[in-house]
Amino acid sequence: MKHERIIFHIDVNSAFLAWTAAYKKNILGEELDLRDVASIVGGSQESRHGIVLAKSAKAKAAGIHTGEAIVAARQKCPNLIVVPPDYHLYVSASRALMEILHRYTDEVTQYSIDEAWAEFTGFDRLYGGIVTFANDLKNEIKRELGFTVNIGVSTNRLLSKMAGDFKKPDLVHTLFPEEIPKKMWPLPVDNLFFVGTATVKKLHMLGIYTIGELANADLNILKSHLKNHGEVIWNYANGNDLIPYVYQHISNKGYGNSITTPADVVEISQAKQVLLSLTETVATRIRMDQVKISCVSVSITTSSFERSSMQMQLKTVTDVTEEIYLAACEIFDRMYEPTLIIRQLGVHTSHVAVDGVRQYNLFDKDRFDKLEQYHKAIDSIRRKYGEDSVQRACFLGGKISHLSGGLDKERRTGVTLGLDLAKEQEVSGRGM
Ligand SMILES: [Mg+2]
């Protein structure tokens, strides 16, 4: 059957582990392949960061889950090999993957460090058919870079992403619209993109257990229980595209930072202080590079490792901390539910402009001009006398660092990391 559009979703299998394994084997020449043994990538074991970030097939077979404590993982598998994360390596592996995709198309949208969509419309008439091409591409990545990917093939982003999550590793799956009833509808509803634990509970109460049951449910009933979110997931269950909900979400052309909060954050005021501290770091980097941004997104990971994010298009380009922070707070307020226990928060900015000129509105001209001058002064004081030489009074004596996310740390890469932590949920929208 001929399809109007062809979209691939490319997803690295156990990315952090595979990248470290490929590096150790192919570059360092080590004998052992971490993928052949029970192994995990995990943060330091003393702190709260001590969780499983990625696992090998054998570690998975031992019952180890991504996101669980390393201590618990070791109990399940005493001879488990634990390797530390290496963010520099991940960024370069990710870049190498994107370069291969760009050999064939300019339409590449990176979604996270190890996932991207790429458009291959028209390719079904080349390379011996689209599935053959997908397999060739998958094998080219494996041969050149030494790690495997899954490729989901369909006509839109939602369906290709769903196909990319079918059986792993090293496989190509199609999920064309005509295959939805057979391949997608029998799956449990929590396999659907954007359906988290809280939503699953509500759906179960409505007697909805499979994606097919959701697709065929009464939209008005869904909306009365789940508001707009009900309509969004009903559309997904019927195979309708993500756009505009996901819109160039995490671009590596942006500036972002996330942090695992020092203690589970339950109060809005604490969360906003973390957001301010993250924004300070992000905005400083933006100013250091003498650019401006016009899109802000916030991500939240909960204590049960559910991740969601939402973004907002600003009316103007900016490099002013306060302006980015106000946007981050506005987004946060839209996402926040009182039952949330926040474990990780992130602020990301994108749509970077090199010669961006501020669009003034009648009332804020003076205010933001002054703030731009003010931040230039603060930045130069910090450069001369150190990061801690100037800080906002609201951080004094508190537990939250006034600059979060590692301005001076090795993570200053411009890529938001830690994305393998949990099943992603996206709640993005433009121009809110
Ligand atoms: Mg992956």
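This is a predicted model: local features need pLDDT of at least 70, side-chain atom pairs count only at pLDDT 80 or more; totals for chains, interfaces and linings use all residues.
Residues are counted from 1 along each chain as its sequence is written, and side-chain values rest on heavy atoms, with hydrogens and water left out. Local features need pLDDT of at least 70 and side-chain atom pairs count only at pLDDT 80 or more, while totals for chains, interfaces and linings use all residues.

The magnesium ion is held by Asp 11 (OD), Val 12 (O) and Asp 114 (OD), at 2.1 to 2.4 Å. Donors here are N, O and S atoms within 2.8 Å of the metal (3.2 Å for Na, K and Ca); water is not among the atoms, so sites may look incomplete. Along the sequence, the donor residues follow the spacing D-V-x101-D. Val 12 sits in strand β1 (residues 7-12) and Asp 114 in the loop between β5 (108-112) and β6 (115-119), so this pair ties together parts that are 102 residues apart in sequence. Strands (E, at least two residues) and helices (H or I, at least four) are DSSP runs, numbered from the N terminus. Val 12 is buried, at 4% relative accessible area, and Asp 114 is buried too, at 2%. Buried means under 20%, exposed over 50% and partly exposed in between (1.4 Å probe, protein chains only).

Turning to the loops, Leu 28 lies between α1 (15-27) and β2 (39-42) and is partly exposed, with a relative accessible area of 47%. Glu 306 is in the loop between β10 (293-302) and β11 (307-318), and is buried at 18%. Glu 306 and Arg 343 are 37 residues apart in sequence and 9.6 Å apart in space, C-alpha to C-alpha.
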